[in-house]
Amino acid sequence: MAKSSWVKTQKIYCERIHQEVDLLEERIFPDNYLPDVGEPFQVRARTCSHWLDCNLTGAPCCYSGTNPGYDPFRDQGKYPEA
């Protein structure tokens, strides 16, 4: 059976809440590693450590779940395209 875990991928400053946040990915690892497949995991979800703050204020952001099409960090050029 596949295993999943949340992994911190980056620490970045969020201008919306004026704090540093951790960007997180939920990664799915297969039982048996298949070397010819490429990546040893699949990303199922992405969020940040303060997603609830933005969600409760209604700020549009893909990490808070309020707007899956808007990534405030990518639009500001704070990290490269994945």
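1. Let me start at Lys3. Leaving out residues up to four places away in sequence, Lys3 touches Arg27, Ile28, Phe29 and Asp31, where contact means heavy atoms within 4.5 Å. Lys3 is placed in strand S1; strands here are DSSP runs of E with at least two residues, helices are runs of H or I with at least four, and both are numbered from the N terminus. The C-alpha atoms of Lys3 and Phe29 are separated by 5.2 Å, although the two residues are 26 apart along the chain. Lys3 counts as exposed because its relative accessibility is 58%; the classes are buried for under 20% relative accessible area, exposed for over 50%, and partly exposed in between, with a 1.4 Å probe and protein chains only.

2. A word on the basis of these remarks. This is a predicted model, in which local features need pLDDT of at least 70 and side-chain atom pairs count only at pLDDT 80 or more, while totals for chains, interfaces and linings use all residues. Residues are numbered from 1 along each chain as its sequence is written, and side-chain values use heavy atoms, with hydrogens and water left out.

3. Now the overall layout. The protein has 2 helices and 3 strands, and from the N terminus on its elements run β-β-β-α-α. Of the 82 residues, 28% are buried. If you take the contacts between residues at least 6 apart in sequence, 38% of them join residues at least 24 apart. The protein exposes about 5,700 Å², and carbon and sulfur atoms supply 53% of that area; accessible areas come from the Shrake-Rupley method with a 1.4 Å probe, and for residues only the protein chains shown count as cover.

4. The hairpin deserves a look. S1 and S2 run antiparallel and are joined by 11 bridges; two strands pair if DSSP finds at least two bridges between them. Lys8 stands opposite Leu24 in S2. Between the two strands of the hairpin lie 4 residues, and His18 in the turn has a positive phi of about 55 degrees.

5. Which residues make up the largest nonpolar core? There are 11 of them: Ile12, Cys14, Ile17, Val21, Leu23, Cys48, Cys54, Ala59, Cys61, Tyr63 and Phe73. Strand S1 (3–14) and strand S2 (19–29) each supply at least two residues of this core. By a nonpolar core I mean a set of buried Ala, Val, Leu, Ile, Met, Phe, Trp, Tyr and Cys residues joined through side-chain atoms within 4.5 Å. In soluble globular proteins, nonpolar side chains tend to be buried together.

6. Next, the salt bridges. The whole structure holds 4 of them, a salt bridge being a side-chain nitrogen of Lys or Arg within 4 Å of a carboxyl oxygen of Asp or Glu. One of them brings together the side chains of Lys11 and Asp22, at 3.2 Å from N to O. This pair links distant parts of the chain, with Lys11 in strand S1 and Asp22 in strand S2, 11 residues apart. Lys11 is partly exposed because its relative accessibility is 48%, whereas Asp22 has 17% and therefore counts as buried.

7. Glu25 takes part in a further group. Arg27 forms a salt bridge with Glu25, and their closest N and O atoms are 2.9 Å apart; both residues are buried. The side chains of Glu25 and Arg46 also meet in a salt bridge, at 3.3 Å from N to O. Here too distant parts of the chain are linked: Glu25 is in strand S2 and Arg46 in strand S3 (residues 42–48), 21 residues apart. With 11% relative accessibility Glu25 counts as buried, while Arg46 is partly exposed because its value is 44%. Salt bridges that share partners join Glu25, Arg27 and Arg46 into one network.

8. Is Glu26 buried or exposed? Glu26 counts as buried because its relative accessibility is 13%. Glu26 lies in strand S2. Apart from neighbours within four places in sequence, Glu26 is in contact with Ser4, Ser5, Trp6, Gln42, Val43, Arg44 and Ala45.

9. Finally, the surface. Trp51, Leu52 and Leu56 make a nonpolar patch of about 330 Å². Patches are made of residues with over 30% relative accessible area and no salt bridge, with like charges joined within 9 Å and nonpolar side chains (Val, Leu, Ile, Met, Phe, Trp, Tyr) within 5 Å. Leu52 has its place in helix H1 (residues 51–57), and Leu52 counts as partly exposed because its relative accessibility is 43%.
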